[in-house]
Amino acid sequence: MLSKKTKYGLKALLFLARQENNTPVQISVISKSENISQKFLESILLTLRKIGVLGSKKGKNGGYYLLKAPQDIKMSLVMRTLEGPIAMVPCVSLNFYEKCDDCPDETLCGVHTLMAEVRDKTLDIFNNKSLADLV
């Protein structure tokens with residue numbers, strides 16, 4: 001299941017993508033509009049800022065804004081950043097591979113084969129969807 005962190009991160013990104021002229025928006029405005037705890041949202045937005053998706057501006061007209069055009073923000077980046085590995089099991093992860101302790105041979109493992117297919121289909125969707133597709 002999708003974590004609240006990822007769901008709220010997507011909601012915040014969508015809110016920011018809908019802003020005219022990419023105007024900075026204060027956390028309190030996003031928090032109230034999207035019904036997200038301000039403290040929790042702060043940590044999510046900081047994470048997205050660290051990977052270069054968001055920028056922030058201090059002061060009276062400050063807040064968060066998109067650093068990239070919505071069509072340039074791929075869901076695979078957002079999902080990996082907020083949710084972690086896309087693979088459901090570590091033995092099929094492309095970026096976080098770990099051998100399963102209980103599996104003597106991955107090439108003969110039906111679970112491995114199925115989860116590799118699930119990973120590939122999921123990754124295909126996330127790589128081909130951008131924030132612009134969700135707006």
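Helices here are DSSP runs of H or I with at least four residues, strands are DSSP runs of E with at least two, and both are numbered from the N terminus. With that in hand, the protein reads α-α-α-β-β-α-α-α along its sequence, which comes to six helices and two strands.

A word on the ground rules. This is a predicted model, in which local features need pLDDT of at least 70, side-chain atom pairs count only at pLDDT 80 or more, and totals for chains, interfaces and linings use all residues. Residues are numbered from 1 along each chain as its sequence is written, and side-chain values use heavy atoms, with hydrogens and water left out.

**Overall picture**

Taken along the principal axes, the C-alpha atoms fill a box of roughly 60 × 25 × 20 Å. Of the 135 residues in the protein, 37% are buried; buried means under 20% relative accessible area, exposed over 50%, and partly exposed in between, using a 1.4 Å probe and protein chains only. Counting a contact as heavy atoms within 4.5 Å, 59% of the contacts between residues at least 6 apart in sequence join residues at least 24 apart.

The protein exposes about 8,400 Å², and carbon and sulfur atoms supply 53% of that area. These areas come from the Shrake-Rupley method with a 1.4 Å probe; for residues, only the protein chains shown count as cover.

As for charge, there are 19 positive and 14 negative side chains, and the centres of the two sets lie 14 Å apart. Lys and Arg count as positive, Asp and Glu as negative, while His and the chain ends are not counted. Each charge is placed at NZ of Lys, CZ of Arg, CG of Asp or CD of Glu.

**A cysteine pair**

The structure holds zero disulfides, a disulfide being a pair of cysteine sulfur atoms within 2.5 Å. For Cys91, the nearest cysteine sulfur is that of Cys100, 3.7 Å away, and Cys91 is in no disulfide. Cys100 is likewise in no disulfide, with the sulfur of Cys91 as its nearest cysteine sulfur. Cys91 counts as buried because its relative accessibility is 7%.
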